[in-house]
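This report describes how the parts of one protein chain are arranged and how that chain meets its partner. Please examine the sequence and the structure shown here before reading on.

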Amino acid sequence: MLKELKILLQNGKQFIPNLRKAEIPLPWRGRPSISGARVDEEALAAICPTGAITVKPLTLDMGRCTFCGECALAFPEKITFTNNINIYSNKRENLLIREGEQRNNLFEPAAVRPEIRTLFKKSLKLRQVSAGGDNSAEWELNACGNANFDMHRYGIEFVASPRHADGVVITGPITSNMAEALRITFEATPAPKIIVLAGVDAISGGIFTGSPALHRSFLDEHPVDLYIPGNPPHPLVIINALLDLSGRK
Amino acid sequence: MNYLRIKNGSAISLYKLPSHTYNDWAMEALRLLKEEYFHCASYFAVRSSADDFSLILVLADDLNQDVIVLSSSIKGPTPIKLKSLTPQIPALHLFEREIMEEFPIVFEGHPWPKPVRFSFNRCNHNDSIIDYPFYTIESEQLHSVGVGPVHAGIIEPGHFRFTCDGENVLHLEIQLGWQHRGVEYLMANKDNGLQRSILAESIAGDSAIEHATAWAMVAEALSEQKVSNQLAIERSIAQELERLAIHTGDIAALCTDVAYHLGANVFGILRTGIINFLQAWCGNRLGKSLIRPGGTYFRLSKDLRERLKLVLADYERRFIPLSHLTYKLPSVQNRFDNIGVVTTQQARELGLVGMAARMTGLGRDIRKSHPYAGYIGSSPEFITLPKGDVFARFLLRRKEIKASLSWIRHILDTFPFDDSFMEQPSPQTLKFQSSQLAVSLTEGWRGEVCHVALTDENGKIFRYKIKDPSFHNWKALELSLRNLEISDFPINNKSYNLSYCGFDL
């Protein structure tokens, strides 16, 4: 018993007290900022391994970005990755960052379905489905529940059965082999229910875009409530995104 | 007989590759694989034209630190019927199944000719992943339990089919393939090296560093680049940090499964310190974007090295007393001891690699047997344990953590780091030699990763073969569970922590 107490004492308090204000230190790559500097935009766009950058005006789609940072390394005067964690949104088009844009919050509370706020504000139970995920987004979703981040303090939890869930969190580019299992899991979740896409692979297919082994029609048939970019998304981003969606302060 | 001996991380001309008839090739393969110090690192088919194929077998020679490449050319008409080698060398069973799935080649006499992952390029499109032919035993006394593909937790999909007699598991069959994303196809068809680097990091996200290193070694061999000792050392430090982090997280998961909450929580937060250091180094907690062919954008600077020493000291100060306490705890010992035993004999027959081999006393470690990157000259202490149970898998992790800690420290203290030095990677403009075959082996925390790339006469990659250690090791989990109860499954599964996506590709 004394040994256990000693270990507790030795490790001290590890939880992050305020997850809303916590920062992730650089060189973590969060929200990109695009300046008005004049560069060879075509050459810049050609660097991106996932085609996330388009020109005229220069636009970076965080839903396609793997946050590898190569564009910022080649053209530091044009693109910088800040440690701003506001990279998630409930609207797909808000993930597009344009040259000179100054908006802080990409999340639009007014566009959230009202039943999400009334039903899930104080308790949100989620079922995770990995559909070709590489176990990195899954890893960070797990980390949301550890002693550092302790997401459970907000009543947000991952549950074992879709029957107990208020929605599904999808990771991975949705493989043909998982498409049916994903559909069944979602159908088994009682309505009203939400869909969250965690990580670049889920949002756009990421580096797997164009693979003949994917089958993403599920996303054409169901509206998505939350997009969380990242490769993988950081736990702080995931938690803040879920808090914004459920309407918590 | 003629075969090529090369070193880990090198390339050879395809024209130098001796080609034999299947029968000669098979005799030689059997002769070599019966030696204890050989094992199959990779075995795959290449299509040269509609009816022409080559079979390429990559063997690791642990005694001479060599990689042996044996090839055979076989001709149609398809389907081509060949004699299976699996009855003599069970370790080849999955490789032969994979070839049968993707090519019009039939290995006659294969005892278990089932689909592997229902890949998009499979020959037989009549069956889909829900039609997998499970092994069944007809008896009124037996029942079977199916679990998955979606599991009760944040975990990747796989289907587990248990055949049980009362509470006893007679047989477990694991069906994978759900995560299949066509990685090998994409590796061959992407436009440039940067895309391939990002892809390699996503083969298995928890092993991003080892797969990215394996790809970088292949790319460097194909483009005849030599990297500096310092870059090599930094890659190996990153590799050991990944090992530390995941082993620690796995011990936390083992504690969760035996309801030891102090261990589950404290080992969990210990992992955070290590992965946050990786983030401070390269901006990503899993080390993605750190490894690039030919160089790196993220040097291990003097500041980072000093910080790493502090991070490791703090980690060790907290890890040692708790791991000792966990080791001594009767409730933990009771759940770990003698559960899920795999014998050395089984490990050898199945061709297990990495941790799963070492915990049965089978000493396979690429860092030692085929040194690469920063492991040339010195590598972490080589550890094997005799028992092969869950306790051994816990203990091996604990010992490997200590070995990695002291190796990183030794390197930080003795290696002459030069902070003015910078090797810029150029993954977008890599130019590969034409008609080459390059092989790389790396030792991740799970075990041996093998990448093989073949280029055509224009220097374009036309075949890329990836083997994750999980490809060998899932079979060990199936065997571990025989004569245990289903309730022993979670702890066995965690004790291996095998990769679904690494297997499914």
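## Contact between the chains

Two residues are taken to be in contact if their C-beta atoms, placed from the backbone, lie within 7 Å. The model is predicted, with local features needing pLDDT of at least 70 and side-chain atom pairs counting only at pLDDT 80 or more, while totals for chains, interfaces and linings use all residues. Residues are numbered from 1 along each chain as its sequence is written, and chains are lettered from A and ligands numbered from 1 in the order in which they are written.

In chain B, 46 residues are in contact with 50 residues of chain A. The elements of chain B that give two or more residues to this side are α4 (193-201), α7 (261-282) and α8 (302-328); helices (H or I, at least four residues) and strands (E, at least two) are DSSP runs, numbered from the N terminus. The largest share, eight residues, comes from α7(B).

By class, the side of chain B that touches chain A has 25 nonpolar, 16 polar and five charged residues. Here Ala, Val, Leu, Ile, Met, Phe, Trp, Tyr, Cys and Pro count as nonpolar, Asp, Glu, Lys and Arg as charged, and the others, Gly among them, as polar.

## Domains of chain B

Chain B is divided into domain 1 (4-116) and domain 2 (183-504), with bounds from an automatic or database domain assignment. Their centres, taken over C-alpha atoms, are separated by 26 Å. Domain 1 of chain B gives 25 residues to the contact and domain 2 of chain B gives 26 residues.

On the side of domain 1 of chain B that touches domain 2 of chain B, β2 (10-13), β4 (38-49), β5 (52-61) and β6 (66-75) of chain B each supply at least two residues. The largest share, six residues, is that of β4(B). By class, this side of domain 1 of chain B has 17 nonpolar, seven polar and one charged residues.

## Packing around helix α13

Helix α6 (residues 229-257) of chain B packs against α13(B) at an angle of about 150°, with their axes 9 Å apart. Axes are lines fitted to C-alpha atoms, for helices over the stretch in contact, and angles run from 0 to 180 degrees between N-to-C directions. α6(B) is therefore roughly antiparallel to α13(B) (angles over 145 degrees; under 35 counts as roughly parallel, 65 to 115 as roughly perpendicular and the rest as oblique). The residues of this contact divide into ten nonpolar, three polar and five charged.

Helix α13 (residues 390-414) of chain B also packs with helix α15 (residues 489-496) of chain B, at about 30° and with axes 9 Å apart. α13(B) is therefore roughly parallel to α15(B).
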